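Here is a short briefing on one protein model. Please keep the sequence and the 3D view open while reading.

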Amino acid sequence: MMLWACLRFPRLALEAVCGDAHEESRAPAAVIDGPPQRRHVVLADAKAQEAGVHDGQPLTAAQALCPALSTKPRDPAAERQAIDSIAAWAYRFSADVSIAGSDAILLEIGASLALFGGLAALLRRLRFEIAAFGFDCSLAAAATATAARVLATQADGIAIAQAGPLVNALGAVPLATSGLDDDAIAALRGMGFRNLRDLFRLPRAELARRVGPDAIGHLDRMRGFAAETLVLVGDKIRAGMTTEDINAIVHADTVRRGARPAPLNYRGFPKSVCTSINEVVCHGIPGKRPIREGDIINVDITTFYEGFHGDTSA
């Protein structure tokens, strides 16, 4: 089972230049950005917030509310150095680590659960060690990397390994924090949509026409049905199996998730997956031919769920 953890650092811009954001002896502090005549607050610490300073506020207004405010310019290089260091540390827990944007890292932890005593124990360990570095962190775990990244923007401590509950949790996510680009969000809001559940109910063709392929791809990756089924096939495939056996695995797992195998009966295609062996370039039809040692096989899975297609192969 693949399981992704996202560690998001919402106050990294402040921590990268001011150190521990919770240090009691420090004066109220904020990181600022913008041209000289239009400086604004990027992030304010707790003391500054108590004085009325808030993110996005013009610097002049912030200084009027909090005359003792200490400010430092935003330093993207320092933020990058900090996130690089965190990513290097994360390799202690996973061989698959990546940086996600400017304020988060992703690590595949499914393969590490047994080593660290299970999911709860591993998440506690991650949280304990990152706190020792002085970083505020929002942590989420999910069956897909994209979902983990989105959920980490919602609340700290969300962990959902199964597809069904994951889709329900994602449905409540507001468009503003869905990971969609600003243009797609503006277009969808103009149509009256407010959260991902509204999108999940739409026919895919209509949604694609309105928001484009990038947004559709993001939604597909977030729910990850096809990718999870492909991983299952990879775990089970063995010499001696037939491609019909692979078809049965894909069909059963897709239906179990409440989805439909998109190839089945599409223009007469008789199976739920495409299996292409050796010289077959693509879209091979599963049958009774056994897989032999040395065969090269491609498994191409397309899943249809609530108006959305997800396509993946390996």
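**Cysteines, charge, backbone and a covered helix**

Cys 282 is partly exposed, at 44% relative accessibility. This is a predicted model.

**Cysteines**

- How many disulfides does the count come to? The count comes to zero.
- A disulfide is a covalent bond between the sulfur atoms of two cysteines.
- The cut-off used here is a sulfur pair within 2.5 Å.
- For Cys 18, the closest cysteine sulfur is in Cys 66. The distance is 13 Å, so a bond is ruled out here too.
- Is Cys 18 buried or exposed? Cys 18 counts as buried, because its relative accessibility is 16%, and the limit for buried is under 20%.

**Negative patch**

- Which residues form the negative surface patch? Asp 181, Asp 182, Asp 183 and Asp 214 form it.
- Asp 183 sits in helix α8, which covers residues 182–190.
- Asp 183 counts as exposed, because its relative accessibility is 66% and the limit for exposed is over 50%.

- Arg 267 is not a glycine, yet its phi is positive, at about 50 degrees.
- Where is Arg 267 found? Arg 267 lies in the loop between β9 (260–261) and β10 (274–277).
- The relative accessible area of Arg 267 is 78%, so this residue is exposed.
- Asn 278 also has a positive phi, near 55 degrees, and is a residue other than glycine.
- The loop between β10 and β11 (297–305) holds Asn 278.
- Asn 278 counts as partly exposed, because its relative accessibility is 36%.

**Helix α6**

- Helix α6 spans residues 145–152 and is mostly covered.
- How many of its eight residues are buried? Six of the eight are buried.
- Three alanines are among the buried residues of α6: Ala 147, Ala 148 and Ala 152.
- Thr 146, Val 150 and Leu 151 complete the buried set in α6.
- An α-helix has 3.6 residues a turn, so residues three or four places apart point the same way.

Conventions. Residues numbered from 1 in each chain as written. Predicted model: local features only at pLDDT ≥ 70, side-chain atom pairs only at ≥ 80, totals over all residues. Heavy atoms only, no water. Buried < 20%, exposed > 50% of the residue type's maximum accessible area, 1.4 Å probe, protein only. Patch = residues over 30% accessible without salt bridge, like charges linked within 9 Å, V, L, I, M, F, W, Y side chains within 5 Å. Areas by Shrake-Rupley, 256 points an atom, 1.4 Å probe, with all protein chains shown as cover. Salt bridge = Lys/Arg side-chain N within 4 Å of Asp/Glu carboxyl O. Lys, Arg positive; Asp, Glu negative; His and termini not counted. Charge placed at Lys NZ, Arg CZ, Asp CG, Glu CD. Helix = DSSP H or I, 4+ residues; strand = E, 2+ residues; numbered from the N terminus.
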